[in-house]
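Subject: Structure handover and notes

Hello,

Please find the structure below, with my notes after it. Have a look at the model first, then read on.

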Amino acid sequence: MDVSLLLEKADQARARAYAPYSGFRVGAALLSGTNRVFTGCNIENASYGLTVCAERVAVFNAVSAGETNFLGLALVCDGDDYCRPCGACLQVIYEFGDDILVIMGNKAREYQIQPINKLLPRAFKL
Ligand code: THU
């Protein structure tokens, strides 16, 4: 997996974030088993509650293109800290595999990697 490329794609997606309310821009890049990369950015809404996170936009983008097998998701946010997915997004990522690698980047392009089952142990399953 080309982690640098995924972080770069996530950062490019971050630049497309629509975040006029929080000012906090997030980008995600999701690598499929077929070696395609699907990106997403956060998309906010005046109603606030209808805001969708970057990770979910990337996952929904990929699934709507016919992909359901994923290897890794890179995430880049504004700020110096490693960017961590929110709980809702962890559950959505987990839906497609318990060993998907989550690459949490910061502005300096440093990163931490953890599999989704470590970030969300005992995830909900039907
Ligand atoms: N956000 C994401 O895009 N991903 C996350 O995992 C957490 C939060 C977005 C939603 C909102 O537009 C902004 O960050 C501030 O919460």
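In these notes, two residues are in contact when heavy atoms lie within 4.5 Å. This is a predicted model, in which local features need pLDDT of at least 70, side-chain atom pairs count only at pLDDT 80 or more, and totals for chains, interfaces and linings use all residues. Residues are numbered from 1 along each chain as its sequence is written, and side-chain values use heavy atoms, with hydrogens and water left out.

G40

With neighbours within four places in sequence set aside, G40 contacts A13, V26, G27, A28, A54, V57 and A58. G40 sits in strand β2, residues 37-41; helices (H or I, at least four residues) and strands (E, at least two) are DSSP runs, numbered from the N terminus. V57 is 17 residues from G40 in sequence, yet the two C-alpha atoms are 4.8 Å apart. G40 has a relative accessible area of 4%, so it is classed as buried (under 20%; exposed is over 50% and partly exposed in between, with a 1.4 Å probe and protein chains only).

The ligand

Which residues surround the ligand? They are S22, F24, V26, N42, E44, T51, C53, A54, E55, R84, P85 and C86, where near means that a heavy atom of the residue lies within 4 Å. By class, this shell has six nonpolar, three polar and three charged residues (Ala, Val, Leu, Ile, Met, Phe, Trp, Tyr, Cys and Pro count as nonpolar, Asp, Glu, Lys and Arg as charged, and the others, Gly among them, as polar).

Polar contacts here are pairs of N or O atoms within 3.5 Å; within protein, one must be able to donate a hydrogen and the other to accept it, and residues adjacent in sequence count only if both atoms are side-chain atoms. A polar side-chain atom of E44 is 2.5 Å from a ligand oxygen. A side-chain N or O atom of E55 is also 2.5 Å from an oxygen of the ligand. From A54, a backbone N or O atom lies 2.9 Å from a ligand oxygen. On its own the ligand has 370 Å² of accessible area, and the protein covers 76% of that (Shrake-Rupley method, 1.4 Å probe; for residues, only the protein chains shown count as cover).

Cysteines

How many disulfides does a search of the whole structure find? It finds one, between C77 and C83, with S to S at 1.6 Å; the cut-off for a pair of cysteine sulfur atoms is within 2.5 Å. C77 is buried at 6% relative accessible area, and C83 is buried at 4%. The relative accessibility of C89 is 0%, so C89 is buried. For C41, the closest cysteine sulfur is in C53 at 11 Å, which is too far for a bond.

D78 lies in the loop between β3 (70-77) and α3 (87-94) and counts as buried at 15% relative accessibility. Its side chain makes a polar contact of 2.3 Å with the side chain of R14 and reaches the backbone nitrogen of R25 at 2.8 Å.

E67 is in the loop between α2 (54-64) and β3, and is buried at 9% relative accessibility. A 3.3 Å polar contact links the side chains of E67 and R36.

Regards
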